[in-house]
Amino acid sequence: MRRIYLIPIIILGLALLAGGVWYFFLRENGAPADQNSAAIAAGKNLTGNRCAGEGPGTLTNLPMDLEDFAFIIPYGLMVGDHVTPIDHQYYSPTVFNSPRDTYPVYAMADARLVNIEPRDTERGREYRLVFTMTCTFLYYYDLVTSLAPDVQAAYDSRRMDLEVQAGQLIGRIGGQTLDFAVWDTTKPLTGFVNPASYDGEAWKIYTADPLDYATDEIKHKMFSKYIRTAEPHSGKIDHDIDGRLVGNWFLEGTNGYAGKVGTQGPTYATGHLSIAPDHIDPTAFMASFGSYQGEPKQFSLSRSAPNPAEVAVSTGLVKYNLLPWNWQDGKGKEWDRFSFPSLPLTLINEGYITQGCVLFQLLEDRRLKMETFPGKSCSQVKTFTPAAKFYER
């Protein structure tokens, strides 16, 4: 009788052993153990299900020739209707006001070009391109002013799954920067207290440091054009601290980052608000408004004002004068913003004329009251009026 009971046990053991061998075979040969993992699912969503495999890629080529761009603007800039810290870097051309299509743009690695989105502006048509190396590692360009012939042919035929090689000509730019970012879906950012607020731009929370994925040679070349000397050198976009003023906020009822065009303002960013470190000199703070006198606007905050990273519910009402600013280079001169500066760059605003005042009060850890007073200094403002607005995360 014992032998009869032992037979199914032996069969079960052999099945488990075979399954284990198959699991390790898949892992060693690059196939994911869990095809339904969150990271792979995110990559498939970003590529329209046109990706394969998992794991990080290696960047082996610059997107532009080294002599064709003056410097790299790090992640985290806030400007215009980019109210929250920007999730891409900018390669600024050597001659910024160059004619369109002046500078070639190359693939940074062997990859698949899976998406091209055109955009028509007053300057002409420009393109956003998404490349996938695996389902968990991607990079993208934007503001490309024209496409290389083979890329144009693929776009015209709507066959958006084009194999490209590192260093291959992809297109050209001129008269504006080249946007660039890396996405790693295995490493979502941890500095957003409510990642669901960014579902409107699903890639944003996967923004990754390009230096972590480049060869030593490419890393050295990138770094030679970086204008930020603070860590992380590539910049940072996620500054939220739960229960503190610092970071991103969204007007209540406007669907987070996605916004509500038409009901709350002319653009999706009208309801955005950010109080975050400067992208170049993070020892200084900026206030970025989606609507300041009806338009997006950025200001610097005095270094003597309360640190936004320390302002909590218990702090009560805080006031900040809103100041213009500039950056001073390592030789004490104001940076012209077009040429590579003498480093380090330091944000300066001392002695600048106040443009307005803003009041903040954290009512709850994730609920903020805010009101701006254009043209007034904070010494002229006592408290909120009925025009105050309420923000959430």
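1. The lining of the largest cavity divides into 4 nonpolar, 4 polar and 1 charged residue. Here Ala, Val, Leu, Ile, Met, Phe, Trp, Tyr, Cys and Pro count as nonpolar, Asp, Glu, Lys and Arg as charged, and the others, Gly among them, as polar. The residues in question are Thr270, His272, Leu273, Phe289, Gly290, Ser291, Met370, Lys389 and Tyr391.

2. A word on the model before you go on: it is predicted, local features need pLDDT of at least 70, side-chain atom pairs count only at pLDDT 80 or more, and totals for chains, interfaces and linings use all residues. Residues are numbered from 1 along each chain as its sequence is written, and side-chain values use heavy atoms, with hydrogens and water left out.

3. The largest cavity has a volume of about 40 Å³. On a 1 Å grid over the protein atoms alone, a cavity is a set of points where a 1.4 Å probe fits but cannot get out, while a pocket is an open set with protein on both sides within 12 Å along at least five of seven lines; lining residues have an atom within 4 Å of a point. Grid points are joined across faces, edges and corners, and a volume is the space filled by probe spheres set on the points.

4. Now to the open spaces: the largest pocket holds about 1,100 Å³. Of its 43 lining residues, Val79, His82, Ile86, His88 and Tyr90 are the closest to its centre. The lining comprises 22 nonpolar, 9 polar and 12 charged residues.

5. The second largest pocket holds about 240 Å³. Its lining has 6 nonpolar, 3 polar and 5 charged residues.
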